[in-house]
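Please keep the sequence and the structure in view while reading.

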Amino acid sequence: MQTLYDKLWQQHVVKERDDGTALLYIDRHLLHEVTSPQAFEGLRLAGRKPWRISANLATPDHNVPTDTEERKSGIAGISDQISRIQVQTLNDNCEAFGITQFDMQDQRQGIVHVVGPEQGATLPGMTIVCGDSHTATHGAFAALAHGIGTSEVEHVLATQCLIQRKMKNMLVRVEGDLPLGVTAKDIVLHVIGVIGTAGGNGHAIEFAGSAIRSLSMEGRMTICNMAIEAGARVGLVAVDQTTIDYLQGRPFAPKQHWQQAVDYWRTLISDEGAQFDKVVEINAADIQPQVTWGTSPEMVVPVTAQVPTLAQAKSETQARDWQRAYQYMGLQPGQAISDIRLDRVFIGSCTNSRIEDLRQAAEVAKGKKVAASVKQAMVVPGSGLVKAQAEAEGLHQIFIEAGFEWREPGCSMCLAMNADRLGAGEHCASTSNRNFEGRQGFGGRTHLVSPAMAAAAAIAGHFVDLRSWEN
Amino acid sequence: MKALTVHQGLVAPMDRANVDTDMIIPKQFLKSIKRSGFGPNLFDELRYLDVGEPGQDCSQRPLNPDFALNQARYQGASVLLARENFGCGSSREHAPWALEDFGFRAIIAPSYADIFYNNCFKNGLLPIVLSEAEVEQLFQALYAQPGFELTIDLQQQQVRLADGQVMPFSVDEFRRYCLLNGLDDIGLTLQDAELIREYEQQRAAQAPWFFGE
């Protein structure tokens, strides 16, 4: 009896070594502009070529401007010179090595973890890697997917393999119906609050249970995306009909071998009675809309709660971390979350920029206005295709009429490598994945929330409990 | 990659848990297309009082006097003593590049984030895991003794204190071999090229759609 992770691992072992590591075959390699230039340079210096060019798919996302005007003239129009060089370098490398790239002007361009699934380039049973820790996202399709460093990017380019040690198995089971106003983002933030930011270190986490099965692929991607914030490089969800329905007809999905593929995919579940090294049981009914108050994703509480006090800290180290977080975030222990005033709101990122996320945010924003006290509220779709779909549904109009900016696709303010960033001391309701110090801009204060919670916060000017909010 | 066998060096503290790679090297420096030159921006937001931008002359920037690496007693440190879950967050290899470029050859902590841990070995930087109690003891000793040094012996997998105390650690055999010899693992993997091709043929027979239709 095997877990899903055990199966995926076993199916990709090329060679086992005596020290417990293995040479693991990689089916799909996704590339973006930030973590690939040094890898291509390494290939050149060693006189090596990519092992299997068709395994690679590239798109620029971290540095691209999201401002419509700045985007119009392509790479040459990127005003930040260093960003421009990096995006141009990806272009040059893809051309030189013959790698398929959805460049900045291509409608299929977007955040690499939105693009892969959308194109069907992410398939169940694949091993998928990318020089980006949020590669865990693709595990929603029962693919063994994880982030790698640039040396490993070079290793995969050159050999189509990675040297890996098998992880341990962890099961997070969420059973029951999700309460109204509680989304995939709240589930994963709640899980991180329970197990901690290092709780999944060394493990592949499989998310299971009726609450997970009830989610769309978009919701499952949100959950697997943040497995890394719980320390797990890999997040997984077993294949079911939802997975298969999502993939049918996508450009890179099999056609000629569709039925054969589906038959195989249906085996990509953990066997009944398979053993996990760690099991965490969560009752969906206990999950409330979540807001992070501090500088690590584990510093999270329900929207109805208060910033915790030092008396609640589990250790001396945690108490010191919390003290530093109070100071950085400009918050008082015991302060109500609903009292936090917001300066900016960001709806986007590889966690929450898919069509369903935008629909959830638009539903809340419809017919409302962004509070005058909020300096900027922006919506950044995850890809050009998500943007087009949202526009076809009229979502952009809802956002624009409410006072949100409607942007071009990219990573944007999730990590503020482009011009989209927070000023020092500003509080931001953000649908992204990291509330680290300085992540969204020097001195910026990030609060992680779901798209619906971010939209409501933009309108109210502070955090509100969607379940009881009347506006 | 620089080989590491035995290294003796001054120890500096990074006394907080969950140090993330955004903190180790902030995003604006990730725009570089080079592998070197990240050292002056290591821990940029903690180290300097102003906002760092790529291409600045860091020697002219105002230093944060409270930050350990700016204090006289830690100048020239090559071993970083840290707390649990060091290197969490982003997969950016710029984090070990910055630590290595600054002059660190080894880190000691009770635990590391997985991707960061892997990335260190590719860059001649040894991440050593010791128990919480041992790390706590080292922090106490470090704060009590200016000029506190440790000897890191990868050959024997030992951390040695000046008073003769020994703290053993362990590292995967393959990683140890590569680091002891300063070897690039791509060349080693390519020795198995035949096996990789065999695997591909087998896989393509079972699941042809993985290789395009």
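Which residue in β11(A) does Ile205(A) stand opposite? Ile205(A) faces Gly235(A) in that strand. The model is a predicted one.

- Strand β10 of chain A covers residues 203–208, and six of its six residues are buried, so the strand is largely enclosed by the rest of the structure.
- His203(A), Ile205(A) and Phe207(A) point one way from β10(A), while Ala204(A), Glu206(A) and Ala208(A) point the other way.
- In a regular strand, side chains alternate between the two faces of the sheet.
- Both sets of β10(A) residues are buried, Glu206(A) being among them.
- Strand β9 of chain A (residues 168–175) pairs with β10(A) in the parallel sense, over six bridges.
- Within this pairing, Val172(A) stands opposite Phe207(A) of β10(A).
- From β9(A) the chain passes through helix α7 of chain A (residues 184–195) to β10(A), a β-α-β crossover that is right-handed.
- β10(A) also pairs in the parallel sense with strand β11 of chain A (residues 234–236), here over three bridges.

**Cysteines**

- Over all chains, the structure holds zero disulfides.
- Cys161(A) is buried, with a relative accessible area of 0%.
- Cys414(A) is likewise in no disulfide, and the nearest cysteine sulfur, in Cys350(A), is 5.9 Å away; a disulfide would need the two sulfur atoms within 2.5 Å.
- The relative accessible area of Cys414(A) is 5%, and this residue is buried.

**Interface of chain B and chain A**

- On the chain B side 59 residues are in contact with 79 residues of chain A.
- About 5,900 Å² of area is buried between the two chains, and carbon and sulfur atoms give 55% of it.
- Which three residues supply more than any other three of the area that chain B buries against chain A? They are Lys27(B), Lys31(B) and Trp209(B), with 13% of that area.
- The rule finds ten salt bridges across the interface.
- A salt bridge joins Arg320(A) to Asp15(B), where the closest N and O atoms are 3.3 Å apart.

Key: Residues numbered from 1 in each chain as written. Chains lettered and ligands numbered in written order. Predicted model: local features only at pLDDT ≥ 70, side-chain atom pairs only at ≥ 80, totals over all residues. Heavy atoms only, no water. Buried < 20%, exposed > 50% of the residue type's maximum accessible area, 1.4 Å probe, protein only. Helix = DSSP H or I, 4+ residues; strand = E, 2+ residues; numbered from the N terminus. Pairing = 2+ DSSP bridges. Right-handed = clockwise from strand over helix to strand, strands pointing away. Contact = heavy atoms within 4.5 Å. Buried area = accessible area lost by both parts, 1.4 Å probe. Salt bridge = Lys/Arg side-chain N within 4 Å of Asp/Glu carboxyl O.
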